[in-house]
Amino acid sequence: MSRPHPPAGGSFPPRPGPPAGGPFPPRPGPAAGARPGPLPDVGDDTARHPAVDAAVQAMANAATLAPADQIAQYEAAYETLRETLATIDQT
C-alpha cells in the first residue's frame, strides 16, 4: 500500500488565513457604568421559581464581568436552568 505524496513541486499551496481583523467582528460590551437592575416584577408569584430567578439574575450580573468570567457564569446558569426544568418536567 502506497502513501500519498505531495504534489509535484515539493509542497502544497499555501492556505489562505483569516480575514484582516480576525474571523469575527468585535462584540459589543456593556455600556460604561451599566449595572443590571433587579428582575422585573411579573406580578404572579405562584408562577415563579427561586432557582430560575437566581439563574436569570446571575446572567444579568455576568454582563459586568470580564468575558472569561462571563462564560463561567453563563454555563452555571445554563446548568441550573437545565436541571430545574428537568425536575419541573418530572412532576
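**Exercise 1.** Helix 1 (residues 50-62) and helix 2 (residues 67-90) have axes that come within 9 Å and cross at roughly 165°. Work out which way the two helices run relative to each other.

*Solution.* This is a predicted model, where local features need pLDDT of at least 70, side-chain atom pairs count only at pLDDT 80 or more, and totals for chains, interfaces and linings use all residues. Residues are numbered from 1 along each chain as its sequence is written, and side-chain values use heavy atoms, with hydrogens and water left out.

Step 1: take the crossing angle, roughly 165°.
Step 2: compare it with the cut-offs: under 35 degrees is roughly parallel, over 145 roughly antiparallel, 65 to 115 roughly perpendicular, and the rest oblique.
Step 3: helix 1 is therefore roughly antiparallel to helix 2.

**Exercise 2.** Find the residues that make the contact (heavy atoms within 4.5 Å) between the helices, and sort them by type.

*Solution.*
Step 1: on helix 1, pick out A51, V52, A55, A58, M59 and A62.
Step 2: on helix 2, pick out Q70, Q73, Y74, A77, T80, L81 and T84.
Step 3: sort them, and you get 9 nonpolar, 4 polar and no charged. Here Ala, Val, Leu, Ile, Met, Phe, Trp, Tyr, Cys and Pro count as nonpolar, Asp, Glu, Lys and Arg as charged, and the others, Gly among them, as polar.

**Exercise 3.** Is Q70 buried or exposed?

*Solution.*
Step 1: locate Q70 in helix 2.
Step 2: read off its relative accessible area, 12%.
Step 3: Q70 is buried (buried is under 20% relative accessible area, exposed over 50%, partly exposed in between; 1.4 Å probe, protein chains only).
Step 4: leaving aside neighbours within four places in sequence, check what Q70 touches: A62, A63 and L65.

Definitions and conventions: Axes are lines fitted to C-alpha atoms, for helices over the stretch in contact, and angles run from 0 to 180 degrees between N-to-C directions. Helices (H or I, at least four residues) and strands (E, at least two) are DSSP runs, numbered from the N terminus.
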